[in-house]
Amino acid sequence: MSTEEFRALHERVRERTRRGPGDRRGTLGNLTPDRVAAAAREVTTGRTVSLAAPVETRAGPDNPEPARHRMKAPDPGRQPSPGLRFALDRFGMNVHGDVDSHLDALCHVLYDGTLYNGVPAGSVTADGATELAVDVARDGVVGRGVLLDIPRLRGVPWLEPGEQVTAADLTAAEAAQGVRTGPGDVLLVRVGHRRRRREHGAWNTAEARAGLRPEAVEFLVDRRVAMLGCDGNSDTAPSTVEGVAFPVHVLTIHAMGMQLMDYLQFEELAPVCEEEGRWSFLCAVAPLRLPGATGSPVNPIAVL
């Protein structure tokens with residue numbers, strides 16, 4: 001796709017999802033209280049499944065800046081003593097890496113000098129973002145989750161790095177799974193990234209990964225989706241758009257005002273959905289309250 005074609009797509013997506021000039025919630029506005037209440041009725045068996053991968057503290061080709069976990073107490077050189085003591089630890093993380101499950105806030109993507117809805121790029125400072133930070137989702141995102149399993153549709157264990165998911169794939173997966181994505185849904189797209197990584201080992205995902213074709217974003221617009229999550233980072237590498245490395249991020253976060261969840265894991269959820277014969281459920285997403293942050297570690301929970 002040429003730069004001009006991408007800009008035309010960006011403008012089309014932006015116009016179709018345009019909200020008032022003061023809007024700071026973006027597509028979370030599609031998740032109305034009545035839709036939250038309807039999503040709660042998805043719960044029938046009470047089974048809960050985490051959609052996050054374990055935080056990784058070891059470096060690898062896709063994890064050059066691993067999370068750091070350090071014990072502050074007890075001191076390993078100190079003998080145990082009677083009475084009360086506490087075990088203490090500290091975590092540090094590059095939130096937007098290519099391994100750990102995280103949420104991208106609306107201030108994460110700057111494109112042509114602005115953030116979502118024309119907010120000036122200068123609102124992101126060395127001290128944090130003054131607008132569109134992850135705190136926009138401080139009350140959580142609770143709604144109907146829908147898992148579309150693209151490798152299942154194609155009869156393969158995973159998509160190979162560089163393969164793309166089209167809008168036609170998403171529609172075909174709905175038909176194959178007997179589910180339809182609707183307004184306010186949290187759409188989860190499985191490309192099999194986690195299973196491939198587990199079976200073949202880590203690789204440099206910055207150079208090669210499966211993801212969505214940029215035009216597939218119009219599927220999200222058509223269905224009025226509230227949030228998108230993937231077991232990759234939604235973008236294909238190498239990018240198919242001239243001069244834009246992460247076109248899906250630009251289209252969703254910048255043009256639509258849609259927060260993304262990257263590097264989730266669905267290897268536990270997919271077999272549960274298969275077993276229960278359903279691909280929709282209550283989904284609860286609770287990012288940390290990090291003032292001014294561009295994202296947050298996240299552990300979404302599916303409740304069936």
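1. Let me start with a spot I liked: R196 places its charged end over the ring of W203, at 4.7 Å from the ring centre. Keep in mind throughout that we are looking at a predicted model.

2. On to the core. The largest nonpolar core counts 74 residues, and the ones with the most contacts inside it are L147, L187, L188, M261, L269 and F281. Helix α7, spanning residues 247-256, is the top contributor, giving six residues to this core. As general background, nonpolar side chains in soluble globular proteins tend to be buried together.

3. M261 deserves a click of its own. Setting aside neighbours within four places in sequence, M261 has contacts with H102, L103, V186, L188, M227, L228, G229, C230, V285, V298 and P300. One of these partners, L188, is also listed with M261 among the core residues with the most contacts.

4. Which rings make up the aromatic pair, and how are their planes set? The structure has one such pair. It is F6 with Y111: the ring centres are 6.1 Å apart and the planes stand at 90°, so this is an edge-to-face arrangement. The pair joins distant parts of the chain, with F6 in helix α1 (residues 3-16) and Y111 in the loop between β4 (102-104) and β5 (124-125), 105 residues apart. Both F6 and Y111 are buried.

5. Next, a loop residue: N63, in the loop between β1 (48-50) and β2. Is N63 buried or exposed? Its relative accessible area is 5%, which is under the 20% cut-off, so N63 counts as buried. Apart from residues up to four places away in sequence, N63 touches E56, R58 and V99.

6. Last, R68, which sits in strand β2 (residues 68-73). Beyond neighbours within four places in sequence, R68 is in contact with R90, F91 and G92. If you want a distance to check on screen, R68 and V55 have their C-alpha atoms separated by 9.5 Å, and they are 13 residues apart along the chain.

Key:
Residues numbered from 1 in each chain as written. Predicted model: local features only at pLDDT ≥ 70, side-chain atom pairs only at ≥ 80, totals over all residues. Heavy atoms only, no water. Core = buried A, V, L, I, M, F, W, Y, C linked by side-chain atoms within 4.5 Å. Buried < 20%, exposed > 50% of the residue type's maximum accessible area, 1.4 Å probe, protein only. Helix = DSSP H or I, 4+ residues; strand = E, 2+ residues; numbered from the N terminus. Contact = heavy atoms within 4.5 Å. Phe/Tyr/Trp six-rings, centres within 6.5 Å; stacked < 30°, edge-to-face > 60°. Lys NZ or Arg CZ within 6 Å of the ring centre and 35° of its normal.
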